[in-house]
Amino acid sequence: MRWGCVIAGLLLSAQVHAANSWQQVKEEAKGQTVWFNAWGGDPAINRYLDWVSGEMKTHYAIDLKIVRLADAADAVKRIQTEAAAGRKDGGSVDLLWVNGENFRTLKEAGLLLTQWAETLPNWRYVDTQKPVREDFSVPTDGAESPWGGAQLTFIADRNVTPQPPQSPQALLAFAKAHPGTVSYPRPPDFTGTAFLEQLLISLTRTPTALTVAPDSARFAEVTAPLWRYLDALHPYLWRQGKDFPASPARMDALLNSGTLRLSLTFNPAHAQQKVANGELPDSSYSFGFSDGMIGNVHFVTIPANARAEAGAKVVANFLLSPQAQLRKADPAVWGDPSVLDPQTLPVAEREALAARSPGGLPAVLPEPHAAWINALEQEWLRRYGTR
C-alpha cells in the first residue's frame with residue numbers, strides 16, 4: 001500500500017513538473033517572432049497556415065511568420081550555411097515543415113533540436129500506431145513533431161474512367177489502351193519521385209533491400225524491374241514520355257481539361273478538396289493499387305540554432321491540437337489527414353474527425369529508406385531527363 005502511495009506521489013509530482021515546465025515555455029514564447037518555413041505550393045495550405053498564424057497571435061501572443069518555400073531543401077541549405085558560419089543561435093529558421101531525405105540530412109549533421117516532440121502536451125492525442133517515431137526508416141529521436149498524414153493516391157473522373165487500373169500491370173495496359181492520357185510529375189517533384197518509389201516497391205524482387213540505404217553494388221539489380229517497366233510505359237504516356245507535368249497541380253489541370261485520365265496526389269482527400277472548390281468535376285474520385293500505396297507522416301522540426309525555440313514548440317503543440325487537426329482534415333479547408341488517435345478525443349470531436357477522414361483507400365505501405373530518394377531521382381534523370 002505504501003509503495004502504491006509512493007508511486008502515485010511520484011506520478012503526480014512528474015505531472016506537476018511537466019505542467020510547470022510547459023507553463024514556463026509558454027511564458028518564454030510570449031512576444032516571440034517564429035519564422036515557420038513551409039512548402040507554399042498550394043493555396044489551401046497557405047490559407048490554413050495563415051489561420052494558424054492568426055490563432056497564434058490571438059491566443060499565444062506569438063508573431064508567426066510563414067516563409068513559403070518552393071522546396072524544403074532551400075531552408076535546409078540555409079540552416080547548413082548558418083551552421084558552417086558558426087551561427088549557434090539566432091538562426092533564420094525556427095520551425096521547418098520537413099520529412100524524409102531533408103530530415104535525414106539535418107539529423108545526421110546534428111543540426112536539429114532533439115528529445116522535445118514527446119514533451120508537448122498535445123502528444124497525448126497522437127496515434128503512435130502511425131509511423132510517428134521514424135521518418136523514411138530514420139528514427140526521429142524526438143526531433144520531429146507529426147502534424148499530418150499522407151498517401152500516394154490516384155484521381156480519376158468516374159464519367160470517363162469508371163474502372164481504374166489497380167496494379168502496375170493494369171496501369172501499363174490502361175496506358176496502352178488510352179495512349180497520351182497517362183503521365184506522372186517529373187522527378188524530382190516530390191509526388192513524381194513517390195510514384196517511382198511506389199512502382200519500385202511493387203516490382204522489385206528484393207523489397208527488403210529498400211528498408212536500408214541503397215548499396216551501390218546492388219542498386220542496379222534492385223531497380224532493374226522499375227526501369228524495364230518505365231521503358232515499356234513511357235511511349236504510351238502524354239507526349240510519349242518525352243515531357244512530364246511539372247507538378248501535381250498541372251496534372252489536375254490536365255485531368256480537368258480532359259487531356260489526362262488520371263492525376264496523382266500525396267493527399268488522399270485532395271480530390272474532395274478540389275471538387276469542393278470547383279477545380280475538378282463532381283464525378284472525380286480517389287483510388288490506389290489494390291496491394292497498397294505508399295504513405296507517410298509529415299512533420300515539423302526545430303533547428304538547433306533556432307532563435308525562438310520556445311515559440312516554435314508552442315506552434316508545434318498547437319498544430320497537434322484537436323481544434324487545428326479537425327480544421328486541417330476538413331476537405332473544404334485543406335483535407336490533410338490527421339495524426340491523432342480518435343479514441344483519445346471526446347465523442348463529438350471523434351465523430352467529426354471520422355466524418356472528415358477519406359475512406360475506401362488501400363493499405364498504407366511504408367516508404368523506402370530516405371537515401372533511396374536521391375539515388376532514384378539521379379538515375380531517372382540520367383535515363384529520361386534529357387529527352
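**Entry 1: aromatic rings**

I count two rings of Phe, Tyr or Trp as a pair if their centres lie within 6.5 Å, taking the six-membered ring for Trp. I am working on a predicted model. With that cut-off I looked for ring pairs and found 20 in the structure.

I started with W147 and W334. Their rings are 5.5 Å apart, centre to centre, and the planes stand at 70°, so I logged the pair as edge-to-face, the word for angles over 60 degrees. Next I looked up where the two residues sit. W147 is in strand β6 (residues 144–151). W334 is in the loop between α11 (322–329) and α12 (347–355). The two are 187 residues apart, and the pair links distant parts of the chain. Both W147 and W334 are buried.

Then I took Y184 and F244. I read 5.0 Å between the ring centres and 50° between the planes, so this pair is tilted. Y184 lies in the loop between α5 (168–177) and α6 (190–203). F244 lies in the loop between α7 (216–233) and α8 (248–257). The pair therefore ties together parts that are 60 residues apart in sequence. I checked burial for each. Y184 has a relative accessible area of 1% and is buried. F244 is buried too, at 5%.

Which aromatic cluster holds Y184 and F244? I traced one made up of F154, Y184, F195, W227, F244, Y285, F287, F289, W380 and Y384.

**Entry 2: charges over rings**

I looked for charged side chains above aromatic faces. R158 has its charged end over the ring of Y285, 3.9 Å from the centre. K328 lies over the face of W334, at 5.7 Å from the ring centre. W334 is the ring that pairs with W147.

**Entry 3: nonpolar cores**

The largest nonpolar core has 48 residues. Which of them touch the most other members? I noted F36 and W147.

I then asked which elements build this core. At least two residues each come from α1 (2–29), β1 (33–39), α2 (43–60), β2 (63–69), β3 (95–98), β10 (293–301), α10 (309–319) and α11. The most come from α10, which gives seven residues.

I listed the contacts of F36, leaving out residues up to four places away in sequence. Among them are L49, L64, I66, V67, L95, W97, V300 and L319. F36 also touches K65 and W147.

How values were computed:
Residues are numbered from 1 along each chain as its sequence is written. This is a predicted model: local features need pLDDT of at least 70, side-chain atom pairs count only at pLDDT 80 or more; totals for chains, interfaces and linings use all residues. Side-chain values use heavy atoms; hydrogens and water are left out. Rings of Phe, Tyr and Trp (its six-membered ring) pair if their centres lie within 6.5 Å; planes under 30 degrees apart count as stacked, over 60 as edge-to-face and the rest as tilted. Helices (H or I, at least four residues) and strands (E, at least two) are DSSP runs, numbered from the N terminus. Buried means under 20% relative accessible area, exposed over 50%, partly exposed in between (1.4 Å probe, protein chains only). A charge sits over a ring if NZ of Lys or CZ of Arg is within 6 Å of the ring centre and within 35 degrees of the ring normal. A nonpolar core is a set of buried Ala, Val, Leu, Ile, Met, Phe, Trp, Tyr and Cys residues joined through side-chain atoms within 4.5 Å. Contact means heavy atoms within 4.5 Å.
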